[in-house]
Amino acid sequence: MQISHADHRAQLSRRGFVQLLGAGLLIGVSDTAVEAQSRRGGRGGRGGFMGRGAATVAARVHIAKDGAITVMAGKVEAGQGARAELTQVAAEELRIAVDRIALILADTGLVPDDGMTAGSGTTPRTVPSVRAGAAAARDLLVALAAQQWDVKSDSVQVRDGRITHPQSHRELTYADLARQSDLKPFAQPVPAGVTVTPVNEWKVMGTPVDRPNRRDLVTGAHQFPSDIARPAMSYGKVLRAPSYGAKLTAIDLSPAQAMKEVAVARDGDFVGVAAPTRFLAEQALAAVAKTASWQTVPHPSSGQLFEYLKQHARNGLPANPFADELAKAAKSLKQSYHIAYIQHTPLEPRAAVAEWNGDKLTVWTGTQNPFGVQNELAGALQVATDHVRVIVPDFGGGFGGKHTGDAAVEAARLAKAAGRPVSLRWTREEEFTWAYFRPAGVIDLEAGLDATGSITTWHHVNINSGPSSMNTPYRIAKARSQFVQSEAPLRQGSYRALAATGNTFARECFMDELAAAAGCDPLEFRLAHLEDARLRAVLEAVAKRFDWSGRVKQKEPGIGVGLACGTEKGSYVATCAKVAVDQQQGKISVRQICQVFECGAVVNPGNLTSQNQGAILMGMGGALREQMRFEGGAVTNASFRTYLVPRFRDVPELDIHLLDRPDLPSAGAGETPIIGIAPAVANAVFFATGVRIREMPIRLPVTNARGE
Amino acid sequence: MGWLSVGPGQPMDAKLTFTVNGQKRDVTTDRDRPLLDVLREDLHLCGAKFGCGEGRCGACTVLVDGQRTFSCSTSVAEVEGKAVRTIEGLAQGDRLHPVQEAFLAENAFQCGYCTPGMVLTAVALLENNPHPSDKQIRQWMDGNLCRCCTYARILSAVRRAAG
């Protein structure tokens with residue numbers, strides 16, 4: 001089913017839907033029933049497909065008169081599996097084959113505002129909403145059949161998109177339903193009493209449904225945001241400051257203005273060009289960049305990062321509230337962990353194509369936040385929100401790094417100046433320098449043990465990196481966790497699992513140190529303090545699969561094993577690692593990872609395995625090699641040559657086990673699988689070397705003193 | 001779709017001829033333009049992608065006279081008279097290349113941005129070495145990045161295609 005991108009209206013009217021998708025049945029969902037993060041009152045009211053008004057209803061399911069089914073959702077697809085999952089759950093409730101459903105994602109002109117694609121929210125929140133919309137359509141089909149055939153609803157069956165009355169061999173399809181509906185507006189939101197399929201009756205959910213448009217990925221047919229081409233399109237580039245905080249004091253635009261077919265835009269410190277080829281745009285920009293004078297400001301360097309964060313902690317560092325008890329403890333321990341700045345580095349840099357049609361703006365861009373970017377564009381370009389349409393094609397990775405509309409705003413500004421559509425894509429250097437980073441942090445932990453080796457008090461202070469997974473899941477009578485803000489030298493934002501990476505690292509490394517102080521095995525120590533049944537389950541399962549108790553007895557030179565566990569966003573993970581360490585060279589190789597993951601009832605085991613594999617390998621980067629280096633207000637390792645992400649050579653043996661809990665609600669899984677790898681590796685490094693590394697990335701001092 | 005009229009008028013323009021996916025193409029453009037840009041902007045073959053611009057990620061991989069090549073770091077002048085193959089030229093109509101089939105069978109992608117580069121890199125390997133060892137596959141593919149980190153399944157796909 002083709003959706004024309006020629007329609008520039010910001011929000012389709014009902015008639016627009018009819019024109020686009022054909023007459024038929026539209027099932028709506030109200031703003032309050034979805035995770036709408038953009039509340040627009042008054043002048044900017046968006047209004048959904050039924051027009052403006054307080055109770056806006058957006059379209060969730062459309063059934064055309066020929067039976068074609070379209071489902072609409074505000075989530076995006078960036079490799080994390082939303083397209084397969086949302087198609088799959090709609091197919092389940094509609095009782096129809098997956099390939100009969102066309103899923104439109106993340107077009108603000110067509111879909112409900114389901115909120116940002118972040119926070120592992122698609123599974124727990126958007127899936128129920130899509131299921132309810134699809135189930136409502138199924139219920140309507142049942143009601144139609146019951147009425148037409150004058151039979152009871154429970155005497156009919158829905159299967160393969162048809163409803164049958166077995167006794168009388170009568171049959172109706174969704175096409176028949178749509179033909180009945182004609183143009184009667186379906187103004188109410190999905191009824192509250194809609195029943196979705198119970199887990200023990202799942203036929204499609206719970207199976208590994210493939211990504212529907214995967215063929216287009218292997219043929220190169222899929223158009224990523226950076227592939228979108230519009231008639232008469234130019235390529236844009238924006239002038240970047242030489243360092244953070246630098247102000248433009250003088251510039252001569254005439255070298256670019258003199259170039260044929262190059263448009264130049266300036267608005268204060270914003271300077272950009274648009275040209276018929278990217279090559280020419282680069283040349284034009286380089287020509288003006290040469291003439292620019294900047295006033296730079298001092299900026300801390302990464303070498304001073306952790307001291308800087310501590311010194312600038314807002315309201316100082318909090319004292320341990322349990323200091324008195326700690327003084328009386330049989331043993332006490334205090335450690336400080338350092339977490340570096342890292343970046344998401346999605347393979348597709350942020351990119352946008354912006355096109356104006358009068359005062360209406362359409363932007364294709366890769367963002368996790370389509371409606372947020374719609375607002376951002378409206379504000380930046382001074383137009384009404386309902387004059388802006390954001391379309392998010394399935395794009396090349398987000399990982400928490402594409403929440404903002406930087407490229408979208410830049411493309412829109414240049415398109416306005418150039419009077420033609422502009423495609424703008426950041427370079428990798430721009431990504432490394434001007435996109436945002438996972439916050440760095442200093443994490444201080446202090447705990448006491450009694451004579452039996454039980455933890456008595458626990459104090460966790462996170463400076464700057466964030467509060468996710470800050471609270472300990474272990475049973476400790478006196479525990480306190482605090483997040484302290486600081487002055488951040490780099491632009492900060494979300495990252496996969498946010499600070500749960502750093503906080504889980506610090507906690508799980510510290511737990512191993514406490515275990516050693518208590519003379520206890522790391523697994524036994526954790527289990528002795530663990531009442532959370534779901535966390536116990538994954539920890540015990542991974543220890544068994546990995547043969548923890550057998551392996552800890554093996555003393556192979558240079559080989560170490562370690563474990564870690566944690567919970568975040570309603571899911572649970574436990575990880576065992578086997579590493580090989582060459583202390584002389586300071587090299588750590590991960591040989592094997594065993595991970596057990598539990599997120600309630602598993603919706604798509606294929607994608608879930610994929611997310612676990614991907615998160616583990618991605619996490620290896622943050623665990624072992626990734627860190628931003630900056631000096632003089634600029635990133636000094638702004639390249640894949642010097643910022644080392646995981647590659648094929650790094651892939652260990654992977655054993656991933658999904659612990660399915662059909663009795664529990666389904667939680668999201670895009671983030672939590674990453675949090676166990678770094679601490680498991682650090683603990684394994686200790687096992688192999690007797691050396692505790694309390695920083696991410698985990699780096700061994702090189703014993704032959706060659707220095708860094 | 002697409003408009004391009006750099007035209008004669010830009011001082012460094014030259015007329016260059018090479019084949020792309022078996023078809024002879026004439027391009028008039030600056031000799032120093034990256035092949036990647038010419039493929040994407042002039043010839044509307046967007047399968048080859050920009051990932052880093054410095055030959056460190058493999059997203060821009062194409063085959064030039066059978067050799068795996070980073071098109072971001074190759075000027076269009078360098079392929080004059082040569083045969084360029086892109087992802088768009090692998091399938092024969094509806095019949096996918098065995099490497100493409102293997103990637104589908106193993107679901108060797110998540111976001112898919114690295115996929116064209118990965119597929120072509122694997123094609124180059126198998127055309128030169130039809131039965132590589134696991135170690136050879138890993139070493140050969142190491143020049144390509146996957147940020148979704150689908151590495152394990154990509155290795156399975158290449159093994160599968162190698163048969």
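Mentor: Gladly! Let us begin with a sheet in chain A: an open one of three strands, in the order S5-S6-S7, with antiparallel pairing. Please keep in mind that this is a predicted model.

Trainee: What holds the strands of a sheet together?

Mentor: In general, strands pair through backbone hydrogen bonds, and the pairing is either parallel or antiparallel. Here, S5(A) and strand S6 (residues 162-165) of chain A pair in the antiparallel sense over three bridges. Within that pair, A:Val158 stands opposite A:Ile163 of S6(A).

Trainee: Which strands stand at the edges of this sheet?

Mentor: Strand S5 (157-159) and strand S7 (170-173) of chain A do. Each has a single partner strand, so one side of each is left without a neighbour in the sheet. On average, neighbouring strands of this sheet are turned by 25° against each other, direction ignored.

Trainee: Which helix lies across S5, S6 and S7 of chain A?

Mentor: That is helix H3 (residues 122-149) of chain A, which runs at about 35° to S6(A).

Trainee: Which residues is A:Ser336 in contact with, leaving aside its neighbours within four places in sequence?

Mentor: They are A:Val442, A:Asp444 and A:Arg694. A:Asp444 is 108 residues away from A:Ser336 along the chain, yet their C-alpha atoms are separated by 4.4 Å.

Trainee: How is chain A divided into domains?

Mentor: The domain assignment gives domain 1 (14-219), domain 2 (226-295 + 350-425) and domain 3 (441-696). Between domains 1 and 2 of chain A, 22 residues of domain 1 are in contact with 20 residues of domain 2. The domain 1 side of that contact divides into six nonpolar, nine polar and seven charged residues.

Trainee: And how do I read the contact between the two chains?

Mentor: The size of an interface is often given as the accessible area lost when the parts come together. Here we can look at residues: 49 of chain A are in contact with 50 of chain B. On the chain A side, helix H5 (214-219), helix H7 (278-289) and helix H17 (605-624) each supply at least two residues. H17(A) gives the most, with six residues. By class, this side of chain A has 21 nonpolar, 16 polar and 12 charged residues.

Note on methods
Residues numbered from 1 in each chain as written. Chains lettered and ligands numbered in written order. Predicted model: local features only at pLDDT ≥ 70, side-chain atom pairs only at ≥ 80, totals over all residues. Contact = placed C-beta atoms within 7 Å. Helix = DSSP H or I, 4+ residues; strand = E, 2+ residues; numbered from the N terminus. Nonpolar A, V, L, I, M, F, W, Y, C, P; charged D, E, K, R; others polar. Domains from an automatic or database assignment. Pairing = 2+ DSSP bridges. Axes fitted to C-alpha atoms, helices over the stretch in contact; angles between N-to-C directions.
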